[in-house]
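Visitor: I'd like a close look at a single part of this model, please. Could you take me through the sheet and the helices packed around it?

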There are 2 protein chains.
Amino acid sequence: MEYTAIKLVKRPEIAITPDLFEVVRLETPPLEDGQFLIKQTHMSLDPAMKGWMMPDRDSYIPPVELGDVMRSGGIGEIVDSKNSGFPIGARVQGLTGWTEYLVSNGQGMNLVPEGIPSEAVLCVLALPGMTAYQGLMNVGKPKAGETIVVSAAAGSVGSMVGQIAKAEGLNVIGTAGTDEKCQWLVDDLGFDAAINYKSESLQAELAAAAPNGVDLYFENTGGVVQHAVFELMNAHGRIMVCGMISDYNTLTPSAGPNWVPIIKKRLTIQGFTMPDHYDKIPGMIQAMSKYLMEGKIKYRAHSLDGLESAIDGINLLFTGGNTGKLMVKL
Amino acid sequence: MEYTAIKLVKRPEIAITPDLFEVVRLETPPLEDGQFLIKQTHMSLDPAMKGWMMPDRDSYIPPVELGDVMRSGGIGEIVDSKNSGFPIGARVQGLTGWTEYLVSNGQGMNLVPEGIPSEAVLCVLALPGMTAYQGLMNVGKPKAGETIVVSAAAGSVGSMVGQIAKAEGLNVIGTAGTDEKCQWLVDDLGFDAAINYKSESLQAELAAAAPNGVDLYFENTGGVVQHAVFELMNAHGRIMVCGMISDYNTLTPSAGPNWVPIIKKRLTIQGFTMPDHYDKIPGMIQAMSKYLMEGKIKYRAHSLDGLESAIDGINLLFTGGNTGKLMVKL
């Protein structure tokens, strides 16, 4: 059977451009014992993908090799199987790649529980939700009554962080890049405040929203929000560094804040990435499923149509053009 | 009995200048029950004093009030006493202030064990030694075989950090501001390498001294060393932020490094100050005394003569002019 896949054939200089990719037609191979064939239905697009395209000795997982199908997470349906653990008709979640079909032996693939929509899985129970839970609960160790600021709060990770924090009894302030997103954070997700980071009075608005200062900062962006929140940190504040999306499309890294307040306020600034914490995922899925079933977590999917829409569509993540978790429906 | 003391009468703009102080003659009051009279013999001069002179709502201990005797740690001999716990002839250590004599009721004062020279107490068993131990052992949590860089390594804190780290089996690299200090670190204190941070090839020399990268950075300076070491940090590296002495005499805070490597390398950057950890001091004094008795900790005192020498002398800390722990002998 013929299907379409997209290979990475060139590494980005700064921006992600169509010439980095090659759309190819491939044929599904016959299945061996233990293998099964997945027809991908929902493919996740995430900011981390840009890092995976780069040849970077410092990165926490190896880059995608040139000529390989581009890496991504996703969900699909099993349409043929020689593996009794993965029967035809079941849904699976895992690293699927930019492809309509793929063959798997089950390694790294998980069955999706019945009754949970595929969008909910990608929005809440996949990498972004796990990242949110790990960063907030295990790195930040929040206490009820504390104040947290989340940057890129309308994004796939940030929207989960803010809702978990609300469920845990924190005062939650989000920043986002449009008034519409801010409205959604407050009206639909229950954030206590949301601030458009493009506002000229960002610093004053943040200070007004956090009259008792900021105990926790979940860093997804860098840039102006980083500096504004850093000023407001309380003694013994914790900063969980998850993403620096405002820096991913620049050649010159932006300067960080001076370190004197780290001493005066005894701050802890900690970076984390999920590959160090894969062993905790089953427990975190359980915790997130509980929030989901209690109605404490809402999600919004931003769906593109068809595999090839990923090529231009991924840039929505870097322009802030997506409203909700970006994914491709196939 | 008349004695000399030095009051803080003006706050510094940038530098510490003689007009900030007033030298006064005072008279010792008669002792009440429970009080005793201390004749100070050794007075400590520390970089933190500059912070204590500043009116700063963010600081971890309140500033010295204008008109009060300047704050400092020190050691003295009890010359009169109405407190049986603090007999005449005993030595005590505590916050003495810039004064020849002071009256105490014992609060915050500790008897100095016999047989340990007063210089050793100020160099090893006072605030700098405690700061070194707390930052390295409790914040940094080093493992034998790891590589640590210590900035201001010839200073009162840094020289202790490096020696504790050597005693714990680490590879120890120090930075200092003169070749003489670097020589002392390697030849006398047993550092594996020491680099003059004023060298034009600082980055290359650091990289050569740390062929396996840097696991721990004990930050005393900020500035060029901060940026050079930050580049070399290994995955899961820890940075203990203790001081930023290169920033204490500037009006414009220097920029910190960009935060992207904090994510990629899952770094932890943690500030600490001793007032949060006073409860651990008895245990830390015990640990440091053990190193001292085993000959694993050496020290070097840089002594000035007479109380009034503190006024100009304190600036040696900011020019790097001191060789060893700066103190005043009275």
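**The sheet and its helices**

Guide: Happy to. In chain B, helix α3 (residues 127–140) lies across β11 (214–219), β12 (233–241) and β13, and runs at about 140 degrees to β12(B). Helices are DSSP runs of H or I with at least four residues, strands are runs of E with at least two, and both are numbered from the N terminus. Axes are lines fitted to C-alpha atoms, for helices over the stretch in contact, and angles run from 0 to 180 degrees between N-to-C directions. This is a predicted model, in which local features need pLDDT of at least 70, side-chain atom pairs count only at pLDDT 80 or more, and totals for chains, interfaces and linings use all residues. Residues are numbered from 1 along each chain as its sequence is written, while chains are lettered from A and ligands numbered from 1 in the order in which they are written.

As for confidence, the model scores ipTM 0.87 and pTM 0.88. Chain A averages a pLDDT (the predictor's confidence in each residue, from 0 to 100) of 94, with 99% of the residues scoring at least 70.

Now to the sheet itself. It is open and has 12 strands, in the order β10(A)-β9(A)-β8(A)-β11(A)-β12(A)-β13(A)-β13(B)-β12(B)-β11(B)-β8(B)-β9(B)-β10(B), with mixed pairing. Two strands pair if DSSP finds at least two bridges between them. At the edges are β10 (193–196) of chain A and β10 (193–196) of chain B, each pairing on one side only. From one strand to the next the twist averages 15 degrees.

The two chains meet within this sheet where β13(A) and strand β13 (residues 268–271) of chain B pair in the antiparallel sense over 3 bridges. There, Ile269(A) has Ile269(B) as its bridge partner. Further along in chain B, strands β8 (residues 147–150) and β9 (residues 171–176) run parallel and are joined by 4 bridges; Val150(B) has Gly174(B) of β9(B) as its bridge partner.

The contact between the chains takes 31 residues from chain A and 31 residues from chain B, where contact means that C-beta atoms, placed from the backbone, lie within 7 Å. On the chain A side, α8 (260–264) and β13 (268–271) are the elements that give two or more residues, and α8(A) provides the largest share, 5 residues. By class, that side has 15 nonpolar, 10 polar and 6 charged residues. Here Ala, Val, Leu, Ile, Met, Phe, Trp, Tyr, Cys and Pro count as nonpolar, Asp, Glu, Lys and Arg as charged, and the others, Gly among them, as polar.

Back to the helices. In chain A, helix α4 (residues 158–167) lies across β8 (147–150), β9 (171–176) and β11 (214–219), running at about 165 degrees to β9(A). Helix α3 (residues 127–140) of chain A packs with helix α9 (residues 281–293) of chain A at an angle of about 95 degrees, their axes 10 Å apart. That makes α3(A) roughly perpendicular to α9(A), a term covering 65 to 115 degrees; under 35 is roughly parallel, over 145 roughly antiparallel, and the rest oblique. Gly129(A), Met130(A), Tyr133(A) and Gln134(A) of α3(A) make this contact with Ile281(A), Met284(A), Ala287(A) and Met288(A) of α9(A). Its residues divide into 6 nonpolar, 2 polar and no charged.

Notes
Two residues are in contact if their C-beta atoms, placed from the backbone, lie within 7 Å.
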